[in-house]
Amino acid sequence: MAPSSAPATSARASAASCAAAAVRALASSSFCAAAAAADPVIVVGGLSGISIAYEPIAARLRADGYRVSIFQLPNLGLGDIRESARALSSYVDRLRAATGAARVDLVGHSEGGLVSRWYVKYLGGAATVDQYVSLGSPQYGTYVANLVAVLGLGSCAGVIACQQMTIGSSFLADLNAGDDTPGPVRWATVRTWQDELVRPVDNALLADGATNILVQAWCPLRVVGHLGLVLDGTTYTAVRQVLAGAPVQPNCFAV
């Protein structure tokens, strides 16, 4: 009787599995090494976003070795976005003083991306921010904000930040005047087709050399909503790659 080939097959499979595991471990260690030497990361919350809502993405970043803090917008972001940007400026100054870091990275969700952009563009943030990543931020406004008035609730029911996020607002005209991506900052945006709050979806991207990532361009079957951008594993892999300065290739199967 010929000897069974099962042990050899099993050995080859085991070797392949070990090799794959080694590659994954090497990739993970590379990200962690980059994270350990990286700028502190500030996750900037959005409208009505309490700090705990951003703990999932903050926890992922910490697990990858980043120094992370969460900036909850003053008055939960209901007020003037420019005032929130001034508060962010003070927060960045305190964090840099506490950590000794020359620069920080900003990951802004929704309104947080606009707050962060105003800080960079008008409040000196170009000198203190290394990387900017926005998640579902209405860079050019959203007709969802305009719809509030159509429904008879007045001008965004009196919420100043909502008024500023309407398409055609004077705030957005100022924010988008000139270069979308000023300074030496590395700019990236992430958006999703299923974003129920930023419409049209492409209003979440930036011009002038920004890296614009559409989740479904990489993973057509991935369903990610507005809040899901801070919860979704695939989205996080894109954020992690941007922060690490790696090529953007989101993992469609990440959880």
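The points below concern a predicted model.

1. Helix α2. This helix spans residues 55–63, and its buried residues are Ile-57, Ala-58 and Leu-61. These three cover an arc of only 100° around the axis, which places them on the same side of α2. An α-helix has 3.6 residues a turn, so residues three or four places apart point the same way.

2. Asp-64 forms a salt bridge with Arg-240, and the closest N and O atoms are 3.4 Å apart. Because Arg-240 belongs to helix α9 and Asp-64 to the loop between α2 and β2, the pair ties together parts that are 176 residues apart in sequence. Both partners, Arg-240 and Asp-64, are buried.

3. Other salt bridges. The count for the model comes to 9 salt bridges. One of them joins the side chains of Asp-180 and Arg-117, at 3.5 Å from N to O. This pair links distant parts of the chain, with Asp-180 in the loop between α7 (170–175) and β5 and Arg-117 in helix α4, 63 residues apart. Asp-180 and Arg-117 are both buried. A further salt bridge is formed by the side chains of Asp-80 and Arg-82, at 2.9 Å from N to O. Arg-82 is partly exposed, with a relative accessible area of 28%.

4. Ser-110. The phi of Ser-110 is near 55°, a positive value in a residue other than glycine. Ser-110 lies in the loop between β3 (104–109) and α4 (111–122). Its relative accessibility is 11%, so Ser-110 counts as buried, the cut-off being under 20%. Ser-110 is also among the lining residues closest to the centre of the largest pocket.

5. The largest pocket. Its volume is about 360 Å³. The pocket is lined by 18 residues, and those closest to its centre are Leu-47, Ser-110, Met-165, Leu-197 and His-226. Helix α5 (residues 143–150) supplies the largest share of the lining, 3 residues. By residue class, the lining divides into 11 nonpolar, 7 polar and no charged.

6. The loop between β5 and β6. The peptide bond from Arg-199 to Pro-200 is cis, with omega near -5°, and Pro-200 is found in the loop between β5 (186–191) and β6 (211–214). Asp-208 is found in the loop between β5 and β6 as well, and has a positive phi of about 60° although it is not a glycine. At 46% relative accessibility, Asp-208 counts as partly exposed.

7. Val-215. This residue is placed in helix α8 (residues 215–218). Val-215 is buried, with a relative accessible area of 3%. Leaving aside residues up to four places away in sequence, Val-215 touches Val-190, Arg-191, Arg-222, Val-224, Thr-234 and Thr-235. Val-215 and Asn-251 are 36 residues apart in sequence, and their C-alpha atoms are 9.9 Å apart in space.

Terms used:
Residues are numbered from 1 along each chain as its sequence is written. This is a predicted model: local features need pLDDT of at least 70, side-chain atom pairs count only at pLDDT 80 or more; totals for chains, interfaces and linings use all residues. Side-chain values use heavy atoms; hydrogens and water are left out. Helices (H or I, at least four residues) and strands (E, at least two) are DSSP runs, numbered from the N terminus. Buried means under 20% relative accessible area, exposed over 50%, partly exposed in between (1.4 Å probe, protein chains only). The arc is that of the directions from the helix axis to the C-beta atoms. On a 1 Å grid over the protein atoms alone, a cavity is a set of points where a 1.4 Å probe fits but cannot get out, and a pocket is an open set with protein on both sides within 12 Å along at least five of seven lines; lining residues have an atom within 4 Å of a point. Grid points are joined across faces, edges and corners, and a volume is the space filled by probe spheres set on the points. Ala, Val, Leu, Ile, Met, Phe, Trp, Tyr, Cys and Pro count as nonpolar, Asp, Glu, Lys and Arg as charged, and the others, Gly among them, as polar. Contact means heavy atoms within 4.5 Å. A salt bridge is a side-chain nitrogen of Lys or Arg within 4 Å of a carboxyl oxygen of Asp or Glu.
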